[in-house]
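Subject: Structure handover and notes

Hi there,

Please have it open while you read.

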Amino acid sequence: KTALLDEDWDYITITSTPGQEGDPKFYEGCLDGLIAFLRANKTNPDAPIGYHMTWAFPNGSPSSVMGLHKQSRTVMFNAIVDTTQNHIMKKYDLDFLLASGTAVENARSVLGQVFTLTDGYHMNTYGEYVAGYMYFAAITGKPLTELKYKPNYITATSRVTIARAVNAALHDPFAAPDLRSQPVLLK
C-alpha cells in the first residue's frame, strides 16, 4: 500500500513469483483481492492495471520449479501461456498484458539462452532490455524504432532481433514463432 500511495502512478503492473506463473491454482483466492485492492487504493483513477507475463526458465535451470515442468523450458513456457491466456486474462479484471515471457521466448529462437543469469531464472541485462522494449511498446503504443537508446552490450543485430521478438509478442502474446523463419518486419 505504501508503494501504491507513493505517487499518482500512470500504469500499475502485477506479476507472479518466479516459477508460479504456470500454475493457475497459485492465483486462486488472491488475485481478485489484489486487483480490487489496487483499484480501490490507487491515487490516479485513470491508471490501468496490467499483468506482466514472465519467462520460462532455461533448460538446465537449477530451480526446483523446473521439476514441475519436466525440466523443460518449452513445457514451462506452454504452462505460462496457458495460465495467462485461459485463466488470468479471461478471469480477472485487467486492462493490458505485457508479454515479456513470449518476447524472450521469441528472441531465444535466434539468440539462444543469453537472457538468463547463471541462477537459472532471473533475467540478465539482455533479458531486461527485452522486457524494457515490451514495456515501452505495450504502454506507449509507439513503434520500437523510436527508441534510440542502445547499451554497449547490445549489438545492432541483437537489437533488431529483440525488436522483432517484441513485435511478434505484441502481435500474438500466446505464441512463440521461430524468428529465424519469419520475415524481418519492424513497426
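Pro177 sits in the segment after helix H6 (156-171); helices here are DSSP runs of H or I with at least four residues, strands are runs of E with at least two, and both are numbered from the N terminus. With 27% relative accessibility, Pro177 counts as partly exposed. For that wording, buried means under 20% relative accessible area, exposed means over 50%, and partly exposed is what falls in between (1.4 Å probe, protein chains only). Between Pro177 and Ala165 there are 12 residues of separation in sequence and 9.0 Å in space, C-alpha to C-alpha.

Before going further, a word on the model: it is predicted, so local features need pLDDT of at least 70 and side-chain atom pairs count only at pLDDT 80 or more, while totals for chains, interfaces and linings use all residues. Residues are numbered from 1 along each chain as its sequence is written, and side-chain values use heavy atoms, with hydrogens and water left out.

Ala165 comes up again with Asn106. A polar atom of the Asn106 side chain lies 3.0 Å from the backbone oxygen of Ala165. Asn106 belongs to helix H4 (residues 100-111) and is buried, its relative accessible area being 0%.

Helix H4 also holds Glu105 and Arg108, three residues apart, about one turn of the helix. These two form a salt bridge whose closest N and O atoms are 3.2 Å apart; a salt bridge here is a side-chain nitrogen of Lys or Arg within 4 Å of a carboxyl oxygen of Asp or Glu. Are Glu105 and Arg108 buried or exposed? Both are buried. Arg73 is in helix H3 and, at 17% relative accessibility, counts as buried.

How many salt bridges does the structure hold? There are five. One of them brings together the side chains of Glu28 and Lys91, at 3.1 Å from N to O. This pair links distant parts of the chain, 63 residues apart: Glu28 is in the loop between E1 and helix H2 (31-41), and Lys91 is in helix H3 (residues 73-91). Glu28 is partly exposed at 41% relative accessible area, and Lys91 is partly exposed at 44%.

Arg39 and Asp95 form another salt bridge, with 3.2 Å between the closest N and O atoms. Because Arg39 lies in helix H2 and Asp95 in the loop between H3 and strand E3 (96-98), the pair ties together parts that are 56 residues apart in sequence. Arg39 is partly exposed, with a relative accessible area of 27%, and so is Asp95, with 42%.

On the surface, Asp6, Glu7, Asp8 and Asp10 gather in a patch of negative charge. Patches are made of residues with over 30% relative accessible area and no salt bridge, with like charges joined within 9 Å and nonpolar side chains (Val, Leu, Ile, Met, Phe, Trp, Tyr) within 5 Å. Asp8 is in the loop between helix H1 (2-6) and strand E1 (12-14), and it counts as exposed at 52% relative accessibility.

- Pro151 is in the loop between H5 and H6 and counts as buried at 5% relative accessibility. Its C-alpha atom is separated by 9.7 Å from that of Tyr126, 25 residues apart along the chain.
- His122 is in the loop between H4 and H5 and counts as partly exposed at 37% relative accessibility. His122 and Gly101 are 12 Å apart, C-alpha to C-alpha, and 21 residues apart in sequence.
- Glu128 is in helix H5 (residues 125-140) and counts as partly exposed at 48% relative accessibility. From Glu128 to Met76 the C-alpha to C-alpha separation is 20 Å, with the two 52 residues apart in sequence.

Technical notes: Accessible areas come from the Shrake-Rupley method with a 1.4 Å probe; for residues, only the protein chains shown count as cover. Lys and Arg count as positive and Asp and Glu as negative; His and the chain ends are not counted. The place of a charge is taken as NZ of Lys, CZ of Arg, CG of Asp or CD of Glu. A polar contact is a pair of N or O atoms within 3.5 Å; within protein, one must be able to donate a hydrogen and the other to accept it, and residues adjacent in sequence count only if both atoms are side-chain atoms.
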